[in-house]
Amino acid sequence: MVIFSVSIRALVFTAGGLMLADRLVGYAMLVPFALAGLWIGNRIHGRISREAVLRVVAVVLLLIGASLIARALAGA
């Protein structure tokens with residue numbers, strides 16, 4: 001459903017002149033990677049526990065927070 005929605009928006013933006021056609025070709029080259037990500041995510045979804053997902057999300061949030069703090073301190 002997401003791929004369908006994004007595709008329709010990209011076509012409407014291109015038709016309306018809001019997106020250049022050459023960029024659309026570049027974005028279209030990323031479709032196989034999006035499909036591979038969906039396939040991998042679907043395979044992992046049934047095998048990972050809720051606790052493992054929460055741990056991964058917590059670690060990612062900590063890393064992002066640490067990165068933002070480091071950038072703020074480096075810029076100050």
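Q: So in what order do the elements of the protein run from the N terminus on?
A: They run α-α-α-α, and the protein has four helices and zero strands. Helices here are DSSP runs of H or I with at least four residues, strands are E runs of at least two, and both are numbered from the N terminus. Keep in mind that this is a predicted model, where local features need pLDDT of at least 70, side-chain atom pairs count only at pLDDT 80 or more, and totals for chains, interfaces and linings use all residues. Residues are numbered from 1 along each chain as its sequence is written, and side-chain values use heavy atoms, with hydrogens and water left out.

Q: What radius of gyration does the protein have, next to a compact globule of 76 residues?
A: The protein has 18 Å, whereas such a globule would be near 11 Å. That radius is taken over C-alpha atoms, and the globule rule is 2.2 Å times the number of residues to the power 0.38. The C-alpha trace spans about 45 × 40 × 15 Å along its principal axes.

Q: And what percentage of the residues is buried?
A: Buried residues are 4% of the 76. Buried means under 20% relative accessible area, exposed means over 50%, and partly exposed is in between, with a 1.4 Å probe and protein chains only.

Q: Switching to arginine 43: which helix does it lie in?
A: Arginine 43 is in helix 3. It is partly exposed, at 42% relative accessible area.

Q: Which residues lie nearest the centre of the largest pocket?
A: Ile3, Val6, Ser7, Tyr27 and Val31, out of 12 lining residues. Helix 1 (2-15), helix 2 (21-28) and helix 3 (31-45) each give two or more residues to the lining, and the largest share, five residues, is from helix 1.

Q: What comes just after helix 1?
A: Glycine 17, with a positive phi of about 80°.

Notes. 1 Å grid on protein atoms, 1.4 Å probe; cavity = no way out; pocket = protein on both sides within 12 Å on 5 of 7 lines; lining within 4 Å.
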